[in-house]
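I open this notebook to record what I looked up, entry by entry, for someone who has not seen this structure before.

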Amino acid sequence: MRVHLCVVGRLRAGPERALIDDYLKRFDRTGRSLGLGPVAVHEVEDRKGGGMAAEADLLRRALPAGARLCVLDERGRLMSSPDFAQHLARWRDDGAGDAAFVIGGADGVAPDLREAADLTLSLGQMVWPHMLARVMLCEQIYRAASILAGSPYHRV
């Protein structure tokens with residue numbers, strides 16, 4: 001199952017970029033034997049100032065056809081890392097060819113795109129800056145692969 005990060009905003013060089021690159025590289029190595037990956041990052045920007053609706057249109061265009069859709073949103077479901085890993089495994093085992101994770105812009109994800117999601121996921125009750133949310137999502141995707149591989153990376 002290929003994994004897609006469909007996100008609003010362009011990530012420049014810096015510490016967040018280094019962390020994301022590291023976690024995605026680890027995921028690609030760990031996930032390959034599990035039928036997970038590779039990861040593709042699709043960054044979109046609304047240069048015309050159309051807000052959430054315009055961002056949602058750009059994000060929809062970045063989504064692979066038929067992908068399982070996970071939208072990150074503060075109102076989403078809270079999940080443990082093992083539960084998240086099992087959720088990914090279930091999508092893979094059910095034959096999903098693609099899983100897409102969406103992170104919206106400063107105002108979040110448009111309600112209609114959020115409602116179309118197979119899973120709306122929260123990283124906690126606090127609101128996180130966009131780039132930190134990307135880092136945290138990438139770490140959790142890698143952690144999920146590690147859990148499924150039986151690696152000691154995740155300790156309870």
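I began with glutamate 45, which is partly exposed with a relative accessible area of 33%; here buried means under 20% relative accessible area, exposed over 50%, and partly exposed in between, computed with a 1.4 Å probe on protein chains only. I note that this is a predicted model, in which local features need pLDDT of at least 70 and side-chain atom pairs count only at pLDDT 80 or more, while totals for chains, interfaces and linings use all residues. Residues are numbered from 1 along each chain as its sequence is written, and side-chain values use heavy atoms, with hydrogens and water left out.

**Entry: charged pairs**

I then looked for the partner of glutamate 45 and found a salt bridge with arginine 47, the closest N and O atoms being 3.3 Å apart; the term stands for a side-chain nitrogen of Lys or Arg within 4 Å of a carboxyl oxygen of Asp or Glu. Arginine 47 counts as exposed, at 69% relative accessibility, and a network of salt bridges links Arg10, Glu45 and Arg47. By this rule I have twelve salt bridges in the count.

Next I turned to arginine 60, which is partly exposed at 31% relative accessibility and meets aspartate 57 in a salt bridge of 3.1 Å, N to O. Aspartate 57 is also partly exposed, with a relative accessible area of 39%. Because arginine 60 and aspartate 57 are three residues apart in helix 2 (residues 51–62), about one helical turn separates them; helices (H or I, at least four residues) and strands (E, at least two) are DSSP runs, numbered from the N terminus.

Arginine 60 also forms a salt bridge with aspartate 112, where the closest N and O atoms are 2.5 Å apart. Since aspartate 112 lies in helix 4 (residues 111–115) and arginine 60 in helix 2, this pair ties together parts that are 52 residues apart in sequence. I logged aspartate 112 as partly exposed, at 46% relative accessibility.

**Entry: aromatic rings**

How many aromatic pairs does the structure hold? I found three, where rings of Phe, Tyr and Trp (its six-membered ring) pair if their centres lie within 6.5 Å, and planes under 30 degrees apart count as stacked, over 60 as edge-to-face and the rest as tilted. The rings of tyrosine 23 and tyrosine 142 are stacked, because their centres are 6.3 Å apart and their planes stand at 25 degrees. Tyrosine 23 belongs to helix 1 (residues 15–32) and tyrosine 142 to helix 5 (residues 130–149), so the pair ties together parts that are 119 residues apart in sequence. Both tyrosine 23 and tyrosine 142 are buried, and ring pairs link Tyr23, Tyr142 and Tyr153 into a cluster.

**Entry: strands**

I ended with strand 1 (residues 2–8), which is mostly covered, six of its seven residues being buried. Strand 1 pairs in the parallel sense with strand 4 (residues 98–103) over six bridges, two strands being paired if DSSP finds at least two bridges between them; cysteine 6 stands opposite valine 102 in strand 4. Strand 1 also pairs in the parallel sense with strand 2 (residues 39–44), over six bridges, and there the bridge partner of histidine 4 is alanine 40. From strand 1 the chain crosses through helix 1 to strand 2, and this β-α-β crossover is right-handed, meaning that, with the strands pointing away from the viewer, the path from the first strand over the helix to the second runs clockwise.
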